[in-house]
Amino acid sequence: KMSAEEEDKRAVQREKVLLELLATEETYVTTLDVLDKIYLTPMKALAEAQESSKGAGGHRPNFLDIASLDSIFCNIPLIIAVHAKYFKELKEKLGNPRNPNDEFFVALRELMRRVKGLYTRYINGYEDAADKLNYHESHNDEFKRYMQVCQSHQNAKNLDLRSLLILPVQRLPRYRLLLEEMLKHTPSESNLFSMLNDSINMIREVSLSINEAKRSADDVTFLKELAARLVFEGGDKPEIVALNRSHVKEGLLTKTRVNHAQARHIVLLTDLLIYCLPPSSPSDKLIVKGTIDLKDCMAHEIADTQSVVNAFALMTGKGKTYTWSAASSAERDEWLKAVNQCLDTCQGSSRSSQSTRGVDLEIFASVQIKQTHEYVNRVSAGVEMIKYNFKDGKSALKYVQLRKDEKKVYWGDKPSSTGSFVRLDDIVSFSHGAKSSVFFKQRGGLKVLGELCFSLVLKERTLDFACKSPEDVVAWAVALKGVTFGRLPLGDELERIYNMAQQAANGGEE
């Protein structure tokens, strides 16, 4: 239990903080009054006289018009009126500053409710107001001279307009800091502690709401500017300005295709990726070459090959694969992280179910681990599997065979078929499970266990198969990783099995 002396010390600290809150509020109201009486009111009078002179056909002075003043000062008069009213109420309802009345905090929370909308509007317009002020000071000598006259006024305390306009932006965090300091010196079991907590939470919610509104306004501004900069060459033009859409990342990546690579300027939004020709300068128009809707995409890292390094794959819901290469592995990781965060945001709960769709790793628990070369021999002999057609998802039994010497995987209707094939060098990753949309293109969905499915991810598409047994899945995963010298990523469980197969081949040595 706290001694009376300790409690008295804490009460003194509470009183000190609370009196500082009132003192800073009084200073704030007084300083805003200077902004109004020395800057705003006289300037409005000049602007109104200017408008009247213009309407009467007289000489028009070189000063700001009323619209320009409104954009600079925004809703400052309303902010002043609300704070002046509630400062008076706070003083009246304070009571003993060491243990203030509950009504004091009720009035403080009511002040926060009243200023929420006012500060949202003011802070959203602050940067634009600052830009306009800079412009007029640079281009209007009469306005600049008048600013200097106002600043030299005896009641202005040498504060220029810019220093005064930023005060509302800085005010709300000050309340929270002071109340949190007061909370440190308040017993947690007291009613005062509860009132302080409620007030702090209220200020936090108001601040978060204002910040979110500011971000949303900034997003809309950016998207409007982006829309004006984009040039679409035929085809569908998506709506760029959209609710809950924001800018995430922008930069240069290489779009890798089967026979060539193309540098592309990427604009990543929360639910849309736009790829364009690289501009010559930051102010140039962006010639759009394509867009990717992220609402049904998947993304994963691609192992380095001779032709593709620092890359990741982006697979669409229609089964198309885009391969993007970055300048370094670190840059690749940054892009992949940003893309995956976008997928989480725009896909929500469906994202987690999609990323693990059809994969129960327990299916491998009973698989007897063999040496790597045994798996290579197994798939080299040919394995009967279901292959899914990329275009329409139709499935058919095929004999699939690894031909190590030719560095190819063949498939056809008969064993040792010389029909279709894919080069090992064109395979960028092994994706276990029914993760490609190709598996689900036919009506009725997937008719085999998802755990028995895998996709060979190529630069622009996938090859999609379903095995008859878990042993076949393991055989293909281990064999393909083995004959590609370990470059194909398999996923944690299959990587573990591959490592065990390698150890078995080496006589159990680590």
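**Entry 1: the cores**

I began with the largest nonpolar core, which has 62 residues, and found that Leu35, Tyr39, Phe73, Leu161 and Leu165 have the most contacts inside it. My rule for a core was buried Ala, Val, Leu, Ile, Met, Phe, Trp, Tyr and Cys residues joined through side-chain atoms within 4.5 Å. Buried here means under 20% relative accessible area, exposed over 50%, and partly exposed in between (1.4 Å probe, protein chains only).

Next I looked up leucine 161, leaving aside its neighbours within four places in sequence, and noted contacts with Leu35, Tyr39, Ile72, Phe73, Leu133 and Met147. Contact means heavy atoms within 4.5 Å. Apart from this core I found another, of 38 residues, including Val383, Val409, Leu490 and Tyr498.

**Entry 2: ground rules**

A note to myself: this is a predicted model, where local features need pLDDT of at least 70 and side-chain atom pairs count only at pLDDT 80 or more, while totals for chains, interfaces and linings use all residues. Residues are numbered from 1 along each chain as its sequence is written, and side-chain values use heavy atoms, with hydrogens and water left out.

**Entry 3: rings**

I counted 9 aromatic pairs. Rings of Phe, Tyr and Trp (its six-membered ring) pair if their centres lie within 6.5 Å; planes under 30 degrees apart are stacked, over 60 edge-to-face, and the rest tilted. Phenylalanine 104 and phenylalanine 105 make an edge-to-face pair, 5.2 Å centre to centre with 90° between the planes, and both are buried.

Tyrosine 275 and tryptophan 324 are also edge-to-face, at 5.4 Å and 65°. This pair links distant parts of the chain, 49 residues apart: tyrosine 275 is in strand β4 (residues 272-276) and tryptophan 324 in strand β8 (residues 321-325). Strands (E, at least two residues) and helices (H or I, at least four) are DSSP runs, numbered from the N terminus.

I also checked for charges over rings, asking for NZ of Lys or CZ of Arg within 6 Å of the ring centre and within 35 degrees of the ring normal. Arginine 403 lies over the face of tyrosine 410, 4.0 Å from the ring centre. Lysine 481 has its charged end over the ring of tyrosine 498, 5.4 Å from the centre.

**Entry 4: the whole chain**

The C-alpha atoms fill a box of roughly 95 × 75 × 45 Å along the principal axes.
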